[in-house]
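Welcome, and thanks for taking a look at this model with us.

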Amino acid sequence: MGLLSLLRQLKKSDGEARILVLGLDNAGKTTILKKLSDEDVTTITPTQGFNIKSLMHEGFKLNVWDIGGQKSIRPYWRNYFDQTDCLLYVIDSADRKRLEETGDELSKLLEEDKLAGVPLLVLANKQDLLNALPANEVAEGLNLFSIRDRPWQIQPCSAKNGTGLQDGMEWLVKQPGTVRQKATVLFLCIW
Amino acid sequence: MAAEIEGPTDELAMKINEGFRINWMNMRDARVGKVLWEQQWPEDWKTQETVASIPKEVMKCREVSRELNFSSAEPIDKFTMIQRVFVHEVCTEEWNFDFGFVIPGSTNSWQSTIEAADEQDMLEPEMLSGNVLIETSFLNGDTLINKSVVRIFYV
């Protein structure tokens, strides 16, 4: 199914929404977005800046920002916080060695004023790998259960075969509130 | 009114322009994610009209995505793109996109997915071929970095 055919099902509106996709390098951020557009995911290289996907339908705009996760790029993440409607944080569940590092980065993000109250969806990616940590252990490791200031959810998934991506959206649809609704409706659109 | 090629006059914009390049562009059938056209960008795109030969079948797609890949050596604070489409020297469409900050030494991409016009409103590719110009202005805030022109042929 095409992305725009989903957008088309929405009521007419002049809305605009921004989804920010972050996570360590090699977590699978770019692969997830490409998979969602049915694009080839066999030749993806590390993102050395940003990749933006813009969708437009009758004045309604959705911009998904995927920013590179390498250590040298992370200090620039803050340049992309403004007007974020939803934060999508991607984890390589098989990279046990860096669970602490990705947890630290996420904690820093959650303390940012510009991201205060922004709904968080954590994608525990690479579940197709045998050594992947299950989502509940990722949640434990990231200390997600202590989050009180925003709605959040963790979703196991595999960008490689596409499983779990749809399920992550089901939670978002159930979230109340204007900003959240905008973000969740849009999430549905891109899936 | 016509499409124009233009360089920067501002000192900072000149520095940015020097380290700025378009690497490639492509177009896909957005419904299936399939690449229909891809072109490496020529060295002289800032000073010469660039020719793009796009397969006619693009015009039959209900949803098309266009992707631009670019690199910048310098940081850019308020990077903005304005594109104008000229058909037979008449500007028929204009759109812009605010990128905001561009990381120094970065390579970035922007993919925009658009819907085709209704079939009865579509012009014939044979009529359009060679008569469509796309003028792209890159700016830092209000300051021009460069303005370039692509001539589209449908083949």
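**Two annotated threonines and a helix**

A:T47 lies in the loop between α2 and β2 (50–57) of chain A. Please keep in mind that this is a predicted model. An unreviewed UniProt entry lists A:T47 together with A:T30 under "binding site". Although the two are spread over 18 residues of sequence, they cluster in space, with a largest C-alpha distance of 7.7 Å.

**The annotated pair**

- A:T47 has 11% relative accessibility, so it counts as buried, the cut-off being under 20%.
- Setting aside neighbours within four places in sequence, A:T47 is in contact with A:T30, A:D66, A:G68, A:Q70 and A:I73.
- The side chains of A:T47 and A:T30 make a polar contact at 2.9 Å.
- A:T30 sits in helix α2 (residues 29–36) of chain A.
- At 14% relative accessibility, A:T30 counts as buried.
- Not counting residues up to four places away in sequence, A:T30 touches A:I44, A:T47, A:N51 and A:D66.

**Helix α3 of chain A**

- Helix α3 (residues 99–110) has twelve residues, which at 1.5 Å a residue should span 16 Å, and the 16 Å between its end C-alpha atoms agrees.
- Buried residues of α3(A) are A:L99, A:T102, A:G103, A:E105, A:L106, A:L109 and A:L110.
- Among the elements of chain A covering the buried residues of α3(A) are β1 (16–22), β4 (86–92), β5 (120–125) and α4 (135–141).

How values were computed: Residues numbered from 1 in each chain as written. Chains lettered and ligands numbered in written order. Predicted model: local features only at pLDDT ≥ 70, side-chain atom pairs only at ≥ 80, totals over all residues. Heavy atoms only, no water. Helix = DSSP H or I, 4+ residues; strand = E, 2+ residues; numbered from the N terminus. Expected span 1.5 Å × (residues − 1). Buried < 20%, exposed > 50% of the residue type's maximum accessible area, 1.4 Å probe, protein only. Contact = heavy atoms within 4.5 Å. UniProt positions renumbered as here; feature names shortened; annotations may be inferred. Polar contact = N/O pair within 3.5 Å; in protein donor to acceptor, adjacent residues only side chain to side chain.
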